[in-house]
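Q: I would like to learn how to read a structure feature by feature. Can we take one example and work through it together?

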Amino acid sequence: MSRQEQQARGREGVRRTVSRTLVVLAGMFAFAFALVPLYDVFCEVTGLNGKTSNSAQMLVHEEVDTSRMVTVQFITRASAGLPWELDVQTRQVRVHPGQSNEVFFTFRNRGGDASQARAVPSVSPSEASVHLRKLSCFCFQEQRLEGGERLEAPLVFQLTRDLPADIKTVTLVYTLYPVQPAQAAVSPRRPRKEGDSA
């Protein structure tokens with residue numbers, strides 16, 4: 001075999017290796033891109049990682065378990081760079097499983113410009129997420145506030161009677177994340193200016 005043939009074979013081998021590497025990289029990128037939605041579906045189906053439903057659930061008229069009380073705590077926070085605040089009027093409530101409950105939250109845009117955000121919930125302990133029914137929640141859609149405006153929004157929820165007896169406290173954490181205007185499905189509620197009466 002001549003030197004030129006060896007060089008041609010070597011170049012062909014390099015081309016094959018580069019082509020295979022590019023195909024593998026494209027496959028890895030596609031898998032990584034698809035992993036987030038697949039993980040969200042997995043968490044929603046199984047209730048793992050404290051993920052809760054993104055749509056309203058039906059109120060189940062079941063007998064209230066008056067023999068048990070469960071403490072429900074609410075924690076709110078905003079992601080870095082978002083000039084919003086999210087506060088809850090009542091940080092903690094004690095409820096009976098099977099009972100529907102309502103808690104009010106207040107959004108405030110402390111910035112000077114209009115912006116949009118979404119409150120993303122998580123539940124702890126994670127096994128409690130399958131026993132939490134959100135009948136009405138501001139977290140189902142994005143919120144848009146002008147600079148200086150505020151919005152009060154309710155969370156109506158119910159813990160099911162089959163919540164495990166060893167769960168005495170359930171913590172709901174709502175984290176505000178910015179939403180780009182092109183992505184937002186804006187809330188139809190009209191926000192109030194800071195200082196308006198509630």
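Predicted model: local features only at pLDDT ≥ 70, side-chain atom pairs only at ≥ 80, totals over all residues.

Q: Which cysteines form the disulfide, and how far apart are their sulfur atoms?
A: The test is a distance: two cysteine sulfur atoms within 2.5 Å count as a disulfide. Here the partners are cysteine 137 and cysteine 139, with sulfur atoms 2.4 Å apart.

Q: What is the handedness of the link between cysteine 137 and cysteine 139?
A: Read the angle about the S-S bond. For cysteine 137 and cysteine 139 that angle is 130 degrees, and the link is right-handed.

Q: Is cysteine 137 buried or exposed? And cysteine 139?
A: The cut-off for buried is under 20% relative accessible area. Cysteine 137 has 5% relative accessibility, so it counts as buried. Cysteine 139 has a relative accessible area of 2%, so it is buried too.

Q: Now the aromatic rings. How is a pair of aromatic rings described?
A: Two quantities describe such a pair: the distance of the centres and the angle of the planes. In this structure, the search finds seven aromatic pairs. One of them joins phenylalanine 107 and phenylalanine 138, at 5.3 Å centre to centre with 85 degrees between the planes. Planes over 60 degrees apart count as edge-to-face, so the pair of phenylalanine 107 and phenylalanine 138 gets that label.

Q: Where in the chain do phenylalanine 107 and phenylalanine 138 sit?
A: Phenylalanine 107 belongs to strand β4, residues 100–109. Phenylalanine 138 lies in the loop between β6 (132–136) and β7. They are 31 residues apart, and the pair links distant parts of the chain. Both phenylalanine 107 and phenylalanine 138 are buried.

Q: What kind of pair do phenylalanine 138 and tyrosine 174 form?
A: A tilted one: 5.0 Å centre to centre, with 50 degrees between the planes. This pair also links distant parts of the chain, since tyrosine 174 is in strand β9 (residues 169–179), 36 residues from phenylalanine 138. Phenylalanine 138 is buried, at a relative accessible area of 0%. Tyrosine 174 likewise has 0% relative accessibility and counts as buried.

Q: Which residues form the aromatic cluster?
A: Phe74, Trp84, Phe105, Phe107, Phe138, Phe157 and Tyr174 make up one cluster.

Q: How do strands of a sheet pair?
A: Through backbone hydrogen bonds, either parallel or antiparallel. In this structure, an open sheet of five strands has mixed pairing and the order β3-β1-β9-β5-β7.

Q: Which strands stand at the edges of the sheet?
A: Look for strands with a single partner. Here they are β3 (92–95) and β7 (143–145), so one side of each has no neighbour in the sheet. The twist averages 30 degrees from one strand to the next.

Q: How many bridges join β5 to β7?
A: Three, and the two strands run antiparallel. β5 spans residues 115–124. Its serine 115 has leucine 145 of β7 as bridge partner.

Notes. Residues numbered from 1 in each chain as written. Heavy atoms only, no water. Buried < 20%, exposed > 50% of the residue type's maximum accessible area, 1.4 Å probe, protein only. Pairing = 2+ DSSP bridges. Helix = DSSP H or I, 4+ residues; strand = E, 2+ residues; numbered from the N terminus. Axes fitted to C-alpha atoms, helices over the stretch in contact; angles between N-to-C directions. Phe/Tyr/Trp six-rings, centres within 6.5 Å; stacked < 30°, edge-to-face > 60°.
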